[in-house]
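Colleague: I have a structure open and would like to go through it with you. Can we take it one topic at a time?

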Amino acid sequence: MPKITDERREERRLQIVHAAMRRVAAQGFHKTTMADVIRESGMSAGAVYGYFRNKEDLIIAIADKAMSLADRTIGELLEIDPLPTLSAMVEHITTAITGFQHGEQGDITRVAVVVWAEAIRDESVRELVTARFQVIRGRYAELIRAQQRAGRLDPAEDPELVARALFGLIPGFVLQRLLLGDIDPETFARAVRGLQRISDTP
């Protein structure tokens with residue numbers, strides 16, 4: 001029997017992860033069974049279990065997939081010259097997020113909300129998701145430092161603290177988009193520009 005190459009093995013793993021994301025987006029984490037994922041993937045049970053022992057392994061893989069997409073998006077921003085404004089960065093990130101709904105993985109924003117809820121309920125999942133969130137927040141801090149170097153943000157501000165506020169904007173966008181349906185990347189970025197013009201001076 002010919003040996004499966006590392007590239008082919010990764011393709012099959014990703015096929016399972018995307019199948020799990022589609023099912024989770026459609027019916028939630030708790031209603032999604034391994035049997036559902038197996039059927040959605042079009043692979044045999046033995047093949048799927050060869051990659052993932054249970055749903056917990058899958059949710060970790062889903063979180064890693066979401067983190068890789070976020071990391072790629074932030075990397076794109078850091079390579080743009082000249083550096084975009086903060087509101088333009090927010091628009092770029094939210095545009096990327098809305099674009100992810102059309103890929104093989106289904107609507108990743110719905111999956112993200114399910115993962116957040118599971119992290120609150122399950123301590124082991126929370127530890128794993130929190131570790132990944134810390135990495136993403138660190139990447140946001142890189143964006144803030146770049147804004148400071150460009151002279152657009154006060155260099156006296158702590159980039160790590162500002163990154164927490166920037167990080168908080170994105171779940172807010174996701175929830176409003178899913179629950180209210182009256183927000184899009186352009187109007188959200190315009191709102192961020194409005195916030196930047198608000199003075200803290202009494």
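Colleague: Where does the model come from, and how many helices and strands are in the chain?

Modeller: This is a predicted model. The chain has nine helices and zero strands. Its pattern along the sequence is α-α-α-α-α-α-α-α-α.

Colleague: What box do the C-alpha atoms fill?

Modeller: Along the principal axes, the box is roughly 70 × 35 × 30 Å.

Colleague: And what share of the residues is buried?

Modeller: Of the 202 residues in the chain, 41% are buried. Buried here means under 20% relative accessible area.

Colleague: How far is Met-34 from Leu-58, in sequence and in space?

Modeller: They are 24 residues apart in sequence, and their C-alpha atoms are 9.4 Å apart in space.

Colleague: Switching to charges. How many salt bridges does a search of the whole structure find?

Modeller: The search finds 14 salt bridges. In general, side chains of opposite charge can pair when their charged atoms come close.

Colleague: Start with Arg-39. Which residue is its salt-bridge partner?

Modeller: Arg-39 pairs with Asp-36, and the closest N and O atoms are 2.5 Å apart. The two residues sit three apart in helix α2 (residues 34-41), so about one helical turn separates them.

Colleague: What about Arg-121, which partner does it have?

Modeller: Arg-121 forms a salt bridge with Glu-118, and again the closest N and O atoms are given, 2.5 Å apart. Both residues lie in helix α6 (residues 108-121), three residues apart, which is about one turn of the helix. Glu-118 is buried at a relative accessible area of 2%, whereas Arg-121 is exposed at 52%.

Colleague: One more pair. How far apart are the closest N and O atoms of Asp-107 and Arg-110?

Modeller: They are 3.8 Å apart, and the pair forms a salt bridge. The pair counts because the cut-off is within 4 Å. Asp-107 is buried, with a relative accessible area of 12%, and Arg-110 is partly exposed at 43%.

Colleague: Now the surface. Which residues form a nonpolar patch there?

Modeller: Leu-175, Leu-179 and Leu-180 form one, with about 330 Å² of accessible area together. Leu-180 lies in the loop between α8 (159-179) and α9 (185-196). Leu-180 is exposed, with a relative accessible area of 57%.

Colleague: Back to the helices. How do the axes of α5 and α8 cross?

Modeller: The axes of helix α5 (residues 86-99) and α8 come within 11 Å and cross at roughly 45 degrees. The two helices are therefore oblique to each other. The crossing in which α5 passes α8 is right-handed.

Colleague: And at what angle do α6 and α7 cross?

Modeller: The axes of α6 and helix α7 (residues 123-149) cross at roughly 125 degrees and come within 6 Å. That makes α6 oblique to α7. Here α6 passes α7 in a left-handed crossing.

Colleague: Last topic, the backbone. Is the peptide bond from Asp-81 to Pro-82 cis or trans?

Modeller: That bond is cis, with omega near 5 degrees. As a general rule, most peptide bonds are trans. Pro-82 has its place in the loop between α4 (55-79) and α5.

How values were computed:
Residues are numbered from 1 along each chain as its sequence is written. This is a predicted model: local features need pLDDT of at least 70, side-chain atom pairs count only at pLDDT 80 or more; totals for chains, interfaces and linings use all residues. Side-chain values use heavy atoms; hydrogens and water are left out. A salt bridge is a side-chain nitrogen of Lys or Arg within 4 Å of a carboxyl oxygen of Asp or Glu. Helices (H or I, at least four residues) and strands (E, at least two) are DSSP runs, numbered from the N terminus. Buried means under 20% relative accessible area, exposed over 50%, partly exposed in between (1.4 Å probe, protein chains only). Patches are made of residues with over 30% relative accessible area and no salt bridge: like charges are joined within 9 Å, nonpolar side chains (Val, Leu, Ile, Met, Phe, Trp, Tyr) within 5 Å. Accessible areas come from the Shrake-Rupley method with a 1.4 Å probe; for residues, only the protein chains shown count as cover. Axes are lines fitted to C-alpha atoms, for helices over the stretch in contact, and angles run from 0 to 180 degrees between N-to-C directions. Angles under 35 degrees count as roughly parallel, over 145 as roughly antiparallel, 65 to 115 as roughly perpendicular and the rest as oblique. A crossing is left-handed if the near helix is turned anticlockwise from the far one by less than a right angle, and right-handed if clockwise.
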